[in-house]
Amino acid sequence: MEYIIVSVILLVSMLIYFKIADKYNIIDKPNHRSAHTQVTLRGGGIIFPIAFILFCLFNFNEAIHEYWTFGLGLLAICTISFIDDVKTLSNKIRLSVHLIAVVLLLYFTGAFELMPFWIWPILFIMIIGTLNAYNFMDGINGMTGLYSLTTLCSLVYINREIVQFTENNFIYYPLLACLVFLFFNFRKKAKCFAGDVGSMGIGFWVIGLITLLIMKTQDYKYILLLSIYGMEVVLTIMERLLLKENIFEAHRRHLYQLFANEKKVSHLLISFVYALFQLIINILLIKSSLPVWMNILIIFLPVGGLYLALKWNIKKQYNL
């Protein structure tokens, strides 16, 4: 019954937000790098911080003792991201808030106690890099929601069947938020986009869960629960560096962008395939007892090879 009530509240919250966004013109206008062509409401990802607030209300005792640092980090990064959705902020302001949020996240997961201090800078770089990867990959209908849903379902299974690393509800609430968001976003003509508040919000939550899992198990293979995003972003950055492009400028070089813009493949199909590939990897990963480096080779060699072959074929076909 609790989950039905939460889902209804999330649904109503989205409808209320649509009225606010429409009134104050919080919209996403297509530009030269966009994979969409219509003006669409932006910031629908506000549902993710709302989901955390509901988690606190329905799980008050646990939230106030165990999850308050995570909550501060999530609300900080979502607030600055939402402001950036409405009015562009300087990189210094955004990065400063991101750093504060990551400090809170690492404190929440116990990383400062469990990891030697020389590892801390590496964790900062990896988490901020993964957050930005989440943001970079949020470009077509359904991508952020479906991909996150895949990872969250995998984490539910791990938490219930392999090792309990957190409260079940701490995974269920963002999962419910993803389902409600997808109701409005997983459409040919999306009702709303996640915006930075959505991609950064759900990215922060998923990264927090994976970090908790790694700290609990000391098994770094679980980083690969986000391997498709990681591979795509790293290979695209390498490509842009080889082309001597400014990697901080907007572009259309991601494989999903080439499929959407040049090949005119359905956004929904692309998002589904990305989520499906990650699901297959997650199943293999969960069942694997191999060392981390071997899992990385088994996953990245074939998937990376397929990625490069598909991108090369499209670029050759369209003289890009």
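Biologist: Which residues of helix 1 and helix 9 meet?

Modeller: Contact means heavy atoms within 4.5 Å, and helices are DSSP runs of H or I of at least four residues, with strands being E runs of at least two, both numbered from the N terminus. In this predicted model, Glu2, Tyr3, Val6, Ser7, Leu10, Leu11, Met14, Leu15 and Phe18 in helix 1 meet Asn169, Tyr172, Tyr173, Leu176, Ala177, Val180, Phe181, Phe183 and Phe184 in helix 9. By class, this contact of helix 1 with helix 9 has 15 nonpolar, two polar and one charged residues, where Ala, Val, Leu, Ile, Met, Phe, Trp, Tyr, Cys and Pro count as nonpolar, Asp, Glu, Lys and Arg as charged, and the others, Gly among them, as polar.

Biologist: What should I keep in mind about the numbering and the confidence of the model?

Modeller: Residues are numbered from 1 along each chain as its sequence is written, and side-chain values use heavy atoms, with hydrogens and water left out. Because the model is predicted, local features need pLDDT of at least 70 and side-chain atom pairs count only at pLDDT 80 or more, while totals for chains, interfaces and linings use all residues.

Biologist: At what angle do the axes of helix 1 and helix 9 cross?

Modeller: Axes are lines fitted to C-alpha atoms, for helices over the stretch in contact, and angles run from 0 to 180 degrees between N-to-C directions. The axes of helix 1 (residues 2-23) and helix 9 (residues 169-185) come within 10 Å and cross at roughly 45°. Angles under 35 degrees count as roughly parallel, over 145 as roughly antiparallel, 65 to 115 as roughly perpendicular and the rest as oblique, and helix 1 and helix 9 are therefore oblique to each other. Their crossing is right-handed, a term used if the near helix is turned clockwise from the far one by less than a right angle, with left-handed used if anticlockwise.

Biologist: How does helix 1 pack with helix 2?

Modeller: Helix 1 and helix 2 (residues 47-58) pack at an angle of about 145°, with their axes 10 Å apart, and this crossing is right-handed. Glu2, Ile5, Val6, Ile9, Leu10, Ser13 and Met14 in helix 1 meet Ile47, Ile50, Ala51, Leu54 and Phe58 in helix 2, and the residues of that contact divide into 10 nonpolar, one polar and one charged.

Biologist: Which residues of helix 5 are buried, and what covers them?

Modeller: Buried means under 20% relative accessible area, exposed over 50% and partly exposed in between, with a 1.4 Å probe and protein chains only. In helix 5 the buried residues are Val97, His98, Ala101, Val102, Leu104, Leu105, Leu106, Phe108 and Thr109, and what covers them includes helix 3 (60-66), helix 4, helix 6 (111-114), helix 7 (120-136), helix 9 and helix 10 (195-217). From helix 4 (residues 68-86) comes Thr69, which counts as buried at 4% relative accessibility and, leaving aside its neighbours within four places in sequence, is in contact with Leu104, Tyr107 and Phe108.
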